[in-house]
Amino acid sequence: MKALCWHGKHDIRYDTVPDPVIEHPRDAIIKVSSCAICGSDLHLYDGFVPGMEHGDIMGHEFMGEVVEVGAENKHLRVGDRVVVPFTIICGECDQCRRGNFSVCERTNRNKEAGDKMFGHSTAGLFGYSHLTGGYAGGQAEYVRVPYADVAPVKVPPDLTDDQVLFLGDILPTGWQAAAQCDIQPDDTVAIWGAGPVGQFCILSALLMGAKQVIAIDRVPERLAMAKQLGAIPIDFDNQSVLEALNELTRGKGPEKCIDAVGLEAHATRSLDSIYDRVKQAVMLETDRPHVLREMIYVCRPGGILSVPGVYGGLVDKIPMGAMMNKSLTLRTGQTHVNRWTDDLLQRIIDKQIDPTFVITHRVPLSEGASMYETFRDKHDGCIKVVMTP
Ligand SMILES: NC(=O)c1ccc[n+]([C@@H]2O[C@H](COP(=O)([O-])OP(=O)(O)OC[C@H]3O[C@@H](n4cnc5c(N)ncnc54)[C@H](O)[C@@H]3O)[C@@H](O)[C@H]2O)c1
Ligand SMILES: [Zn+2]
Ligand SMILES: [Zn+2]
């Protein structure tokens with residue numbers, strides 16, 4: 001079959017690879033009908049996530065039709081149409097029973113690597129390095145889905161792929177980021193990053209009843225999309241984020257702050273970002289936490305910082321004094337996708353949420369490799385790429 005494979009930093013290729021096969025009786029094989037490139041894939045593309053190997057199949061946002069089912073899988077049948085969450089979960093371990101699916105204790109087959117890196121291993125993820133199990137991803141014609149009797153979400157035939165594809169990752173990610181904020185009716189929620197995840201954070205924060213939602217980015221079409229949703233845009237290239245946020249909150253600061261940027265934050269006017277770039281270049285720091293610092297500094301005392309943005313390793317110069325003395329709460333994590341999918345699917349069916357608005361580019365999988373650069377560099381107004389094998 002054909003798939004998009006990782007061959008090193010900035011080197012994704014459309015390769016011919018062996019077809020996947022059932023390896024365990026709970027598995028299923030999915031024929032992919034649609035898949036997408038996530039901001040998290042860009043961290044692999046840019047070489048910031050360790051544990052990738054030549055030929056690894058990319059992709060963790062995908063859906064399709066079940067074409068083969070393992071003997072012990074009573075949940076799926078050949079012909080079912082499913083969206084597959086990016087987190088692989090067993091459904092039985094203590095963390096799965098608590099609903100902490102992204103830290104499932106059983107699905108990472110390289111548990112030792114995770115234990116060494118983070119103190120504990122986390123869930124297996126599709127197409128996301130050997131630290132999270134080395135599972136083949138979904139930017140492919142077919143995927144093997146392990147534990148396929150637990151996570152895959154069956155979707156009704158009258159909904160299009162575009163309407164449901166993002167249930168596997170970025171829609172629940174934006175939703176969880178907002179849910180972690182415990183939004184109150186008089187809250188201002190400030191969201192850094194107006195990429196696809198940021199857009200779904202905005203939509204969720206508004207649906208959860210925030211008084212005011214502010215979106216920070218510097219890409220004009222992303223800020224325009226945020227504004228269209230109902231957020232107040234701040235362009236960090238042309239405005240001081242701290243001054244603008246203080247002005248919009250009468251000097252109090254936003255009650256809730258969301259980092260939908262992660263470890264590759266850009267900054268144009270700050271000393272700390274130069275420091276991060278230098279330390280990253282000489283490998284004294286792995287991530288660039290400019291947004292985290294800004295959030296801690298500007299957040300109203302007693303507030304919540306919610307961090308869906310991905311970090312990989314070590315960050316430096318975090319103002320812990322401000323964090324502690326201002327009584328801030330930090331909530332983060334890879335998304336516990338299945339915690340939210342039933343509710344979000346119903347909201348899509350009820351037409352309360354239409355996630356298709358983020359899609360700007362649609363290409364055959366064979367042209368997907370070049371879309372990594374287009375998406376990363378925001379060329380051609382690119383916000384979200386959907387690919388069809
Ligand atoms: N927690 C999860 O489970 C989960 C799931 C999906 C994605 N993510 C992460 O969410 C983050 C966003 O994903 P995406 O798909 O929207 O990616 P994206 O790269 O399209 O969006 C990031 C946006 O941040 C903006 N940005 C950069 N520096 C900034 C700054 N200093 N201030 C404000 N904005 C800034 C960029 O211009 C860009 O528009 C990534 O880190 C991704 O890995 C996490
Ligand atoms: Zn993702
Ligand atoms: Zn589990």
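Which residue does the side chain of E61 meet in a salt bridge? In this predicted model, the partner is K384, with N and O 2.7 Å apart. E61 sits in strand β5 (residues 61–69) and K384 in the loop between α13 (368–376) and β18 (385–388), so this contact ties together parts that are 323 residues apart in sequence.

Another joins D276 to R293 at 2.8 Å, N to O, and links helix α9 with helix α10 (residues 290–298) across 17 residues. D276 counts as buried, at 0% relative accessibility, and R293 does too, at 10%. Helix α9 (residues 271–281) also holds I274, which is exposed at a relative accessible area of 53%.

C90 lies in the loop between β7 (87–88) and α2 (94–97), and C104 in the loop between α2 and α3 (111–118), so the two tie together parts 14 residues apart in sequence. Both C90 and C104 are buried.

The loop between β7 and α2 also carries E92. E92 forms a salt bridge with R26, the closest N and O atoms being 3.6 Å apart. R26 counts as buried at 10% relative accessibility, whereas E92 is partly exposed at 39%.

Notes
Residues numbered from 1 in each chain as written. Chains lettered and ligands numbered in written order. Predicted model: local features only at pLDDT ≥ 70, side-chain atom pairs only at ≥ 80, totals over all residues. Heavy atoms only, no water. Helix = DSSP H or I, 4+ residues; strand = E, 2+ residues; numbered from the N terminus. Buried < 20%, exposed > 50% of the residue type's maximum accessible area, 1.4 Å probe, protein only. Salt bridge = Lys/Arg side-chain N within 4 Å of Asp/Glu carboxyl O.
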